[in-house]
Amino acid sequence: MVNLTRNSRDGYGRRMAKQRISYVDPDTIADPRMKAELERCRREGTPRPESQAIRAHVPAVFWSFTNTWREVFHEGVLDHSIKELCRVYVSRSVKCEYCGNQRSVKSARAGLTEAHYLDLLEFESSNRFGPREKAALAYTEAIVWDLETDDALWERLRAHYNEPEMVELGYFVAITMGQQRWLRTLNIDHHQVLAGTSASMAPGMETEEALARTKASGDYWAKKDADSGQRRPNGAD
């Protein structure tokens, strides 16, 4: 059953006063494959249905992202949990709250904990990451912040990754950074399309009410990052 937020004046996709592009109502989608993919997003998350309901305005965009995300993020040649850490590092850096409030269920099952996410912006000094994770995050940092990639960085990468893995990592970071920079301009949020599940939501974000409480808290990550100036790496102008 579709549970899409609606009000009498503006129709679907206007729950947030400043939302910039409306959601496509899943009930209006004729393509059964697209409806099935939205249902999978509702059930499994990453991505959640809201971002896909934006992409659904253009089926080619919807399927381009869906196929890339499945084959490069969920599957691919590089460890999924490495890509998940890099995904949320991007979220914390560009302050995409929609993406930053999601967690990969697959990575959680593999042992990734919330503490790992909390340490992302200080990954170099964290004891939660080994050299392999730190090398990937350093490369992600360089891509996000347009830092110089010197021989030392490439030596770190080559110590832990082969060339296909480095290609996939770089491509994935570029794709997710572009998507997140776009999505943050739209002012979309969770629990608005096909609501009623907590699939892939971060702790404290499982319901609409819980999400509102967490965002109002002084401990909310987006507030803390902004207050501490931690969105930029050390030494970045």
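W69 counts as buried, because its relative accessibility is 8%; buried means under 20% relative accessible area, exposed over 50%, and partly exposed in between, with a 1.4 Å probe and protein chains only. The structure is a predicted model, in which local features need pLDDT of at least 70 and side-chain atom pairs count only at pLDDT 80 or more, whereas totals for chains, interfaces and linings use all residues. Residues are numbered from 1 along each chain as its sequence is written, and side-chain values use heavy atoms, with hydrogens and water left out.

The protein comprises twelve helices and two strands, where helices (H or I, at least four residues) and strands (E, at least two) are DSSP runs numbered from the N terminus. Their order from the N terminus is β-β-α-α-α-α-α-α-α-α-α-α-α-α. Of its 237 residues, 48% count as buried. Among contacts (heavy atoms within 4.5 Å) with a separation of 6 or more, 67% come from residues 24 or more positions apart.

W69 also takes part in a helix contact. Two packed helices are described by the angle between their axes and the distance between the axes. For helix 3 (residues 59-74) and helix 4 (residues 80-94), the axes come within 9 Å and cross at roughly 115°; axes are lines fitted to C-alpha atoms, for helices over the stretch in contact, and angles run from 0 to 180 degrees between N-to-C directions. Helix 3 contributes W69, V72, F73 and H74, and helix 4 contributes H80, K83, E84 and R87. These residues divide into three nonpolar, two polar and three charged; Ala, Val, Leu, Ile, Met, Phe, Trp, Tyr, Cys and Pro count as nonpolar, Asp, Glu, Lys and Arg as charged, and the others, Gly among them, as polar.

Rings of Phe, Tyr and Trp (its six-membered ring) pair if their centres lie within 6.5 Å, with planes under 30 degrees apart counted as stacked, over 60 as edge-to-face and the rest as tilted. By this rule there are eight aromatic pairs. The pair of W69 and F73 is tilted, because the ring centres are 4.7 Å apart and the planes lie at 40°. W69 and F73 are four residues apart in helix 3 and therefore separated by about one helical turn. F73 is buried, since its relative accessible area is 0%. Ring pairs join W69 and F73 with F65 and F172 in a cluster.

F65 also has a charged neighbour: R55 lies over its face, 3.5 Å from the ring centre. A charge sits over a ring if NZ of Lys or CZ of Arg is within 6 Å of the ring centre and within 35 degrees of the ring normal. The charged end of R103 likewise sits over the ring of Y117, at 4.1 Å from its centre.
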